[in-house]
Amino acid sequence: MSTSRRKQPLLYMEEYRVKQDPQDYGLADEVFNMEVFKSKLQIAIVRNDEDGLEFDLIGVYPAIANAFRRLMLSDVPSMAIEKVYIYNNTSIIQDEVLAHRMGLLPLRADPRLFAYRTEESSETGTEQDTLEFELKVKCTRRKDAGKDQSNFDDIYKNHKVYSGHLKWLPKGKQAQIHTETGVGCIHDDILIAQLRPGHELDLRLVAVKGLGRDHAKFSPVATATYRLLPQIKLNREVSGKDAYLLQSCFSPGVIGIDENECAYVKDARYDSCSRNVYRYPQINDSVTLARVRDHYIFTVESVGALKPEVIFLEAVKVLKQKCRSFIDEIEAE
């Protein structure tokens, strides 16, 4: 990543409007140049842990930033339950609702190891494009349950159906390649249904590879969002009660108070830009609020099958493939 300083194009946030920097003409007069684009492009990873990925995408057009977000949501594939064969359902949940719930269970299977189903594919599928599961649960009353007991766990057996009850049924040589923990549900404690004695579920589930543009259950991300980098500048010294009032107008950790009870900008990155400061006449002229027009803060949280950084890289590959296809069509004409 380039560390050279660059002039940041700003959008100023006034009380009732957003104003553009008078020295910044925005995208209206900018002619795209690949060399200039490559010199401005920067990517900085801020956080990458089990909770998700946060990174900065700097020096790009809004259309490119939004393309990455939409690709992560809609065009990076994942595995999900597509068909539910219900052999027995005596619970109070309707078949359609139950099938919909099963489809939304997140699977750990890596979609890169499976192929898409085609129109020529058989209904049962193959070991290359299909995963099968079964769910067989029957609720019974415990023989040692007393009449004075009120805890359902002590009275009934299997009265709660969880995602952990799913059993993988390997097709062909799948058992030699995959493991049940590697293709099953990501979480074993997702509640599917509650049963009572006499209720029974007997289902066969078929999972396939798909895209989020076809159904949200195939989207590999829980959230994929971006926002512009906030910038806060203090125009004058703010101290005493006004300093604490100013601090309360911003998100926690944005404004700090030093030992002299004077306010200073501690970390503007995580400000929500609510503009609450303009509500108070005594401090509404003390700050200038802005956002950097081409500095995007991305936050990506994975459902669990793919790591967030892998999802972003897969989105880049999809965009490159789409660009190549578009160029081929133009050259063909």
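R275 is found in the loop between strand 15 and strand 16. Helices (H or I, at least four residues) and strands (E, at least two) are DSSP runs, numbered from the N terminus. This is a predicted model, in which local features need pLDDT of at least 70 and side-chain atom pairs count only at pLDDT 80 or more, while totals for chains, interfaces and linings use all residues. Residues are numbered from 1 along each chain as its sequence is written, and side-chain values use heavy atoms, with hydrogens and water left out.

**The loop**

The phi angle of R275 is near 65 degrees, a positive value in a residue other than glycine. C273 lies in the loop between strand 15 (263–265) and strand 16 (287–302), and its phi is near 55 degrees, again positive in a residue other than glycine. Most residues other than glycine have a negative phi.

Is C273 buried or exposed? At 11% relative accessibility, C273 counts as buried. R275, with 27%, is partly exposed. Here buried means under 20% relative accessible area, exposed over 50%, and partly exposed in between (1.4 Å probe, protein chains only). The accessible areas come from the Shrake-Rupley method with a 1.4 Å probe; for residues, only the protein chains shown count as cover.

**Cysteines**

A disulfide is a pair of cysteine sulfur atoms within 2.5 Å. By this rule the protein has zero disulfides. Another cysteine, C323, is partly exposed, with a relative accessible area of 41%.

**Strand 16 and other sites**

R291 lies in strand 16. A contact means heavy atoms within 4.5 Å. Not counting residues up to four places away in sequence, R291 touches S272 and C273, and its partners also include P9, L10, L11, M13, R227 and L228.

D202 is found in strand 12 (residues 200–210). Leaving aside neighbours within four places in sequence, D202 is in contact with Y85, I86, Y87, N88, L135 and K136.

S91 sits in the loop between strand 5 (78–89) and helix 3 (95–103). S91 is buried, with a relative accessible area of 12%. Its contacts, with neighbours within four places in sequence left aside, are L195, H199, E200 and L201.

E314 belongs to helix 8 (residues 308–332) and is buried at 16% relative accessible area. Not counting residues up to four places away in sequence, E314 touches V76 and R112.

The table gives some C-alpha to C-alpha separations.

| Pair | Separation along the chain | C-alpha distance |
|---|---|---|
| R291 and I232 | 59 residues | 8.5 Å |
| D202 and T90 | 112 residues | 9.3 Å |
| S91 and E261 | 170 residues | 63 Å |

**The whole protein**

The secondary structure comes to eight helices and 16 strands. The radius of gyration is 27 Å, well over the 20 Å that the globule rule gives for 333 residues, so the protein is more spread out than a compact globule. That radius is taken over C-alpha atoms, and the globule rule is 2.2 Å times the number of residues to the power 0.38. Taken along the principal axes, the C-alpha atoms fill a box of roughly 75 × 70 × 35 Å.

Of the 333 residues, 40% are buried. Among contacts between residues at least 6 apart in sequence, 74% join residues at least 24 apart. The accessible surface comes to about 19600 Å², and 49% of this belongs to carbon and sulfur atoms.

How far apart are the mean positions of the positive and negative charges? For the 46 positive and 50 negative charges, the mean positions are 2 Å apart. Lys and Arg count as positive and Asp and Glu as negative; His and the chain ends are not counted. The place of a charge is taken as NZ of Lys, CZ of Arg, CG of Asp or CD of Glu.
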